[in-house]
2 protein chains.
Amino acid sequence: MYGGSQKIVSMKKLDHVDKQILQILQEDGRIPYTEIAQQLRVSEGTIRARITQLLQDGVFQFVIHPDPEKLGLHVQAIIGLTTKLGSQKYVAEELSKFSAVRFVGSFSGKHDLILQACFHSNDELITFVNERLSQIEGIVAADVSLELKQYKDSFSFVQDDDVTLQ
Amino acid sequence: MYGGSQKIVSMKKLDHVDKQILQILQEDGRIPYTEIAQQLRVSEGTIRARITQLLQDGVFQFVIHPDPEKLGLHVQAIIGLTTKLGSQKYVAEELSKFSAVRFVGSFSGKHDLILQACFHSNDELITFVNERLSQIEGIVAADVSLELKQYKDSFSFVQDDDVTLQ
DNA sequence: ACATTTTTTACGAATTTCGAAAAAAACATT
DNA sequence: AATGTTTTTTTCGAAATTCGTAAAAAATGT
C-alpha cells in the first residue's frame with residue numbers, strides 16, 4: 001500500500017518557498033496557483049514548477065479529508081496487535097487491504113502493530129475483530145481502544161522552519 | 001481545533017453520486033470538475049453544485065497529504081496517556097496546539113487519551129515528552145510507542161456502499 | 001394532475017492552467 | 001572577475017476550467 005521511499009534521482013532540500021506553498025495548500029488544497037503566486041509574490045509559473053516538482057518527488061499528494069461522522073462512520077478504534085514473530089509484515093499487509101483501516105504501523109513498545117479503523121457501527125467493529133482479524137494468520141492478541149471523542153486529526157504538520165514543538 | 005458537529009439546517013444523506021465524487025477526489029484532490037463530470041456522465045454544473053454542498057455541509061475538505069519523511073520528520077510516535085480525572089479535555093486541547101501532533105482522541109481502554117505525533121529526531125521526541133508533556137497539568141502517565149515502519153496512512157475511507165470490511 | 005421546490009443542464013464570460021521560449025539567476029571553472 | 005553552463009523564473013498567447021445564472025428537467029407534495 002505504501003511505496004518504500006525509493007530515492008528519486010536526487011531530491012533537493014525544500015526551501016522556504018516550498019514550505020510556504022505547502023502551508024498554503026494544507027489550508028485549502030484547491031486554491032488556484034495564481035493566488036498562491038500572488039500571496040508569495042512570484043509568478044504563477046514558479047508555483048506550477050515547484051508544485052510539479054514536489055509531486056514528482058513524492059513530497060505530498062492532493063487528497064481530501066472526509067469527516068467520518070458525516071459518512072456514517074460513527075465508530076472509530078485504535079487496535080494494538082501482538083503478532084507472531086516473523087508474521088508482522090504479512091499481517092500489516094493484510095490489514096492494509098481493508099478500506100476501513102486508515103492507518104497501520106509497526107511499533108516498538110507494548111504492541112507490534114497498531115492500526116486505526118472506522119466503522120459504521122459497534123457491530124461492524126466487532127465483526128471486524130472477530131471475523132476478520134481472527135482470519136489473519138499470525139495475530140496473537142488484539143487490544144481494542146474505542147474512540148470516545150476526537151480532538152484533532154490532520155495532515156497539517158508542515159511547519160515553516162522546524163518549530164514542530166509549538 | 002475540531003468543531004463540534006453542529007447540525008446544519010438539515011443535511012441530506014449522501015447519495016451514490018456524492019460518494020462517487022468523493023471516491024474520485026480521494027485519488028486526486030485536484031482533478032478538474034469537468035473530468036469528474038465526464039467520468040460520471042453528468043454536467044460540470046452538477047459536480048460543482050454537489051461539491052459546493054458537500055463542503056458547505058462539512059462532509060470533506062480539500063487538503064494535501066505530505067510525506068513526513070520527505071519533510072524531515074523521521075520520527076513518529078503514538079503516545080497513550082493516562083490523565084487525572086476531570087482534566088482530560090484540558091489535556092487534549094493543550095496537546096492539539098502542537099503542530100507536531102496530528103491526532104488526539106479520547107478512548108476507552110488502557111489509555112484515556114491517545115495521540116500521534118511527528119518529530120525531526122529522537123531528541124525532539126524526548127524533548128516533547130520530557131519538557132512539553134510534563135508541563136501539562138493532569139497527565140499522570142505516558143506510554144510511548146515508537147513507529148518503526150508505516151504500512152498505511154490515508155484518509156481514503158470513502159466506500160461506494162458500506163463495504164468497509166473489505 | 002398541477003403547483004412548488006429542487007436539481008440539473010446549458011452557455012457565455014472570467015479566470016486559471018498549460019506549453020514553451022526568453023530572461024534572469026545561480027553555479028562552476030578557469 | 002569573466003565566461004560558459006545549468007537551473008529557475010518570468011512571460012505570454014492558447015487551451016481548458018471555473019463561474020454565474022437562466023432555462024429545462026426532475027422530484028416532491030397536495
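How do the residues of the surface near DNA strand C divide into nonpolar, polar and charged? They divide into 3 nonpolar, 4 polar and 5 charged; Ala, Val, Leu, Ile, Met, Phe, Trp, Tyr, Cys and Pro count as nonpolar, Asp, Glu, Lys and Arg as charged, and the others, Gly among them, as polar.

This is a predicted model, in which local features need pLDDT of at least 70, side-chain atom pairs count only at pLDDT 80 or more, and totals for chains, interfaces and linings use all residues. Residues are numbered from 1 along each chain as its sequence is written, chains are lettered from A and ligands numbered from 1 in the order in which they are written, and side-chain values use heavy atoms, with hydrogens and water left out.

**View 1. Residues around DNA strand C.** The residues near this strand (one heavy atom within 4 Å of it) include P32(A), Y33(A), K12(B) and R50(B). Of the atoms of DNA strand C within 4 Å of the protein, 69% belong to sugar and phosphate.

**View 2. Phosphate oxygens of DNA strand C.** Polar contacts are pairs of N or O atoms within 3.5 Å; within protein, one must be able to donate a hydrogen and the other to accept it, and residues adjacent in sequence count only if both atoms are side-chain atoms. A polar side-chain atom of T46(B) is 2.5 Å from a phosphate oxygen, and for the side chain of K12(B) the distance is 3.0 Å.

**View 3. Phosphate oxygens of DNA strand D.** T34(B) uses a backbone N or O atom, at 3.4 Å.
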